[in-house]
Amino acid sequence: MLVTQTPLLQHFWYPVMPVADLAEGPKPFRLLGRDLVLWIDGEGQPAALDDRCCHRLARLSKGFYANGVLACGYHGWEYDRQGVVVRVPQRPVDRQGRTSMGVTSHRADIRYGYVWVALADPLTAIPEFEEEPAGFRQIFEFYEPWSCAGLRLMENSFDNAHFAFVHRASFGDQGHPEPAKLEIDEFPDGFLFRSEVPVRNPEAQKALLNMDSDTTVRHMRARWYAPFLRKLRITYPNGLIHSIVTAATPIDDQHSMVCQWVYRSDTEADAPAENVIAFDRVVTSEDKEILESTTWDVPLDQTGVEMNMPSDKPGVMMRRILLRLIDEYQAQQPVAAE
Ligand code: FES
Ligand SMILES: [Fe+2]
């Protein structure tokens with residue numbers, strides 16, 4: 001799937017950058033091939049504008065914060081979060097004020113410590129995660145670009161057949177390559193996947209899980225939100241809950257920004273965040289290594305291109321749901337005049 005050529009994908013919210021990264025000034029981000037400047041105004045509200053000043057087309061992401069708005073770094077024209085030029089410093093004081101000049105602005109919101117952006121009317125809301133009202137602690141893990149299609153990363157996270165091989169050095173059990181059974185409930189914008197996966201419990205994990213046994217079982221409930229967001233909630237036999245939110249925000253056809261954070265039902269004293277991140281770093285790097293070797297133009301209609309096995313059901317379902325959403329979207333578009 002070529003993300004930059006699939007207009008439907010503009011109609012979703014994506015987490016694009018941790019809010020904390022914007023404390024000192026604006027930053028650039030490429031979303032679906034479109035260059036944006038992200039920033040936070042004096043009222044703490046997020047903004048996403050096209051990253052070109054309307055004066056001499058300098059990048060606004062080279063600018064700075066002034067008077068609670070964004071100033072271009074070239075001649076200092078000031079923009080509010082709607083993208084309107086509200087001050088031209090070169091003008092005399094009696095001619096200052098909001099102008100009719102400006103740049104395109106996009107929907108921006110703040111949730112879960114991230115700025116989220118949608119380039120067109122979103123089809124779905126930013127998901128509500130039950131762990132937040134439950135008071136679980138949140139641990140920020142990774143914010144890094146991968147040379148990989150978002151769909152590849154998404155299907156990998158619902159793939160019970162890869163643990164024994166990709167994760168053979170961490171928790172995978174090569175002696176048991178048979179994938180665990182899974183059940184799926186389909187929704188209009190994704191699905192809920194349930195599975196119970198027996199895994200090894202290596203030394204590094206024993207302390208984090210507060211369990212001494214050499215093996216354990218992951219009770220997994222994972223929700224896929226089309227197109228590139230999933231939350232995996234793992235419950236261990238001792239009641240510990242470890243939920244992982246992973247977004248593969250589409251930078252362009254070949255690159256995804258991996259945004260990952262975790263919710264834990266235990267405390268910092270039970271398992272220090274630093275150790276939780278260190279273990280997930282190993283596991284995530286194992287996935288990254290293999291996923292960056294896959295092709296980035298993912299065929300949605302798989303006929304004859306990729307072979308499947310039963311454990312690929314979630315990935316096959318993702319493609320089917322995306323194809324349906326694309327078809328529905330195209331059917332709603334006005335027919336171009338001859
Ligand atoms: S290029 Fe931005 S103010 Fe001149
Ligand atoms: Fe994996």
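The chain is divided into domain 1 (3-118) and domain 2 (137-323), with bounds that come from an automatic or database domain assignment. This is a predicted model, in which local features need pLDDT of at least 70 and side-chain atom pairs count only at pLDDT 80 or more, while totals for chains, interfaces and linings use all residues. Residues are numbered from 1 along each chain as its sequence is written, and side-chain values use heavy atoms, with hydrogens and water left out.

The C-alpha centres of the two domains lie 33 Å apart, and their contact (heavy atoms within 4.5 Å) takes 19 residues from domain 1 and 19 residues from domain 2. Between them an area of about 1,600 Å² is buried, 70% of it given by carbon and sulfur atoms; buried area here is the accessible area (1.4 Å probe) that two parts lose on being put together, summed over both. Val3, Tyr112 and Tyr114 supply 32% of what domain 1 buries against domain 2, more than any other three residues.

Which strands of domain 1 each supply at least two residues of the side that touches domain 2? They are E1, E2 and strand E10 (114-118), and E1 gives the most, with five residues. Strands are DSSP runs (E, at least two residues), numbered from the N terminus.

An open sheet of six strands has the order E1-E10-E9-E4-E3-E2, with antiparallel pairing, where pairing requires at least two DSSP bridges between two strands. Strand E1 (14-18) and strand E2 (27-31) stand at the edges with a single partner strand each, so one side of each has no neighbour in the sheet.

Note on methods:
Chains lettered and ligands numbered in written order. Helix = DSSP H or I, 4+ residues; strand = E, 2+ residues; numbered from the N terminus.
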